[in-house]
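Reader: I would like to learn how to read a structure like this one. Please take me through it a feature at a time.

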Amino acid sequence: MDGDVTRSLDLLRRAQDGDGGAVDQLFGRYYERVRRIVRMRIGAKLRRRVDSGDILQETFIAAVESFDRFEVRDEASFISWLARIAQRQVF
């Protein structure tokens, strides 16, 4: 397994155990990816009325609140999970 992916999965497990520093590092690592997902989901027209940063913040808050329900499998499943949370924040 790629070292960067291994590091992400380790951060995710630590975050699930309540390590606030791991949460910060994990979200810092995926911030730009999730930001792009949010911006793509809301589209240009809605971006004029809604701040994508607010949706992004709500996405990460919802993720922290539901960490205990996320099953760590791989990096792709984590990104997909964050994308689904972002989608719920948009609609």
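Reader: Is threonine 59 buried or exposed, and what is its relative accessible area?

Author: A note before the answer: this is a predicted model. To call a residue buried, one looks for a relative accessible area under 20%. Threonine 59 has a relative accessible area of 0%, so it is buried.

Reader: Where does threonine 59 lie, and which residues is it in contact with, leaving aside its neighbours within four places in sequence?

Author: Threonine 59 lies in helix 3. With those neighbours left aside, its contacts are Val34, Val38, Leu82, Ile85, Ala86 and Gln89.

Reader: How are two packed helices described?

Author: Two values are used: the angle between the axes and the distance between the axes. Take helix 3, residues 52-65, and helix 4, residues 75-90. Their axes come within 9 Å and cross at roughly 125°. Helix 3 is therefore oblique to helix 4. The crossing in which helix 3 passes helix 4 is right-handed.

Reader: Which residues make the contact of helix 3 with helix 4?

Author: Helix 3 contributes Ile55, Glu58, Thr59, Ala62 and Ala63. From helix 4 come Trp81, Leu82, Ile85, Ala86, Gln89 and Val90. Sorted by class, this contact has eight nonpolar, two polar and one charged residues.

Reader: At what angle do helix 2 and helix 3 pack, and how far apart are their axes?

Author: The angle is about 130°, and the axes are 9 Å apart. That makes helix 2 oblique to helix 3. Helix 2 passes helix 3 in a crossing that is right-handed. On the helix 2 side, the contact is made by Val23, Phe27, Tyr30, Tyr31, Val34, Arg35, Val38, Arg39 and Ile42. On the helix 3 side, the residues are Ser52, Ile55, Leu56, Thr59, Phe60, Ala63 and Val64. They divide into twelve nonpolar, two polar and two charged.

Reader: Ser52 is on that list. Is serine 52 buried or exposed?

Author: Serine 52 has a relative accessible area of 11%, so it counts as buried. Serine 52 is found in helix 3. Its contacts, leaving aside neighbours within four places in sequence, are Val38, Arg39 and Ile42.

Reader: How do helix 2 and helix 4 pack?

Author: Helix 2, residues 20-47, packs with helix 4 at an angle of about 40°, and their axes are 10 Å apart. Helix 2 is therefore oblique to helix 4. Here too the handedness can be read off: helix 2 passes helix 4 in a right-handed crossing.

Reader: Next, the aromatic rings. How many aromatic pairs does the structure hold?

Author: It holds eight aromatic pairs. To read one, look at the distance between ring centres and the angle between ring planes. Phenylalanine 27 and phenylalanine 60 are 4.3 Å apart, centre to centre, with 35° between the planes, and the pair is tilted. Phenylalanine 27 is in helix 2 and phenylalanine 60 is in helix 3, 33 residues apart. Both phenylalanine 27 and phenylalanine 60 are buried.

Reader: Why is the pair of phenylalanine 27 and phenylalanine 67 stacked?

Author: Planes under 30 degrees apart count as stacked. The planes of phenylalanine 27 and phenylalanine 67 are at 20°, and the ring centres are 6.0 Å apart, so this pair is stacked. Phenylalanine 67 lies in the loop between helix 3 and helix 4, and phenylalanine 27 in helix 2, so the pair ties together parts 40 residues apart in sequence. Phenylalanine 27 has a relative accessible area of 10%, and phenylalanine 67 one of 4%. Each is buried.

Reader: Which residues form the aromatic cluster?

Author: One cluster is formed by Phe27, Tyr30, Tyr31, Phe60, Phe67, Phe70, Phe78 and Trp81.

Reader: Is arginine 69 buried or exposed?

Author: A residue counts as exposed over 50%. Arginine 69 has 65% relative accessibility, so it is exposed. Arginine 69 is placed in the loop between helix 3 and helix 4. From arginine 69 to glutamine 16 is 53 residues in sequence, but 9.3 Å in space, C-alpha to C-alpha.

Definitions and conventions
Residues numbered from 1 in each chain as written. Predicted model: local features only at pLDDT ≥ 70, side-chain atom pairs only at ≥ 80, totals over all residues. Heavy atoms only, no water. Axes fitted to C-alpha atoms, helices over the stretch in contact; angles between N-to-C directions. Helix = DSSP H or I, 4+ residues; strand = E, 2+ residues; numbered from the N terminus. Parallel < 35°, antiparallel > 145°, perpendicular 65-115°, else oblique. Left-handed = near helix turned anticlockwise from the far one by under 90°. Contact = heavy atoms within 4.5 Å. Nonpolar A, V, L, I, M, F, W, Y, C, P; charged D, E, K, R; others polar. Buried < 20%, exposed > 50% of the residue type's maximum accessible area, 1.4 Å probe, protein only. Phe/Tyr/Trp six-rings, centres within 6.5 Å; stacked < 30°, edge-to-face > 60°.
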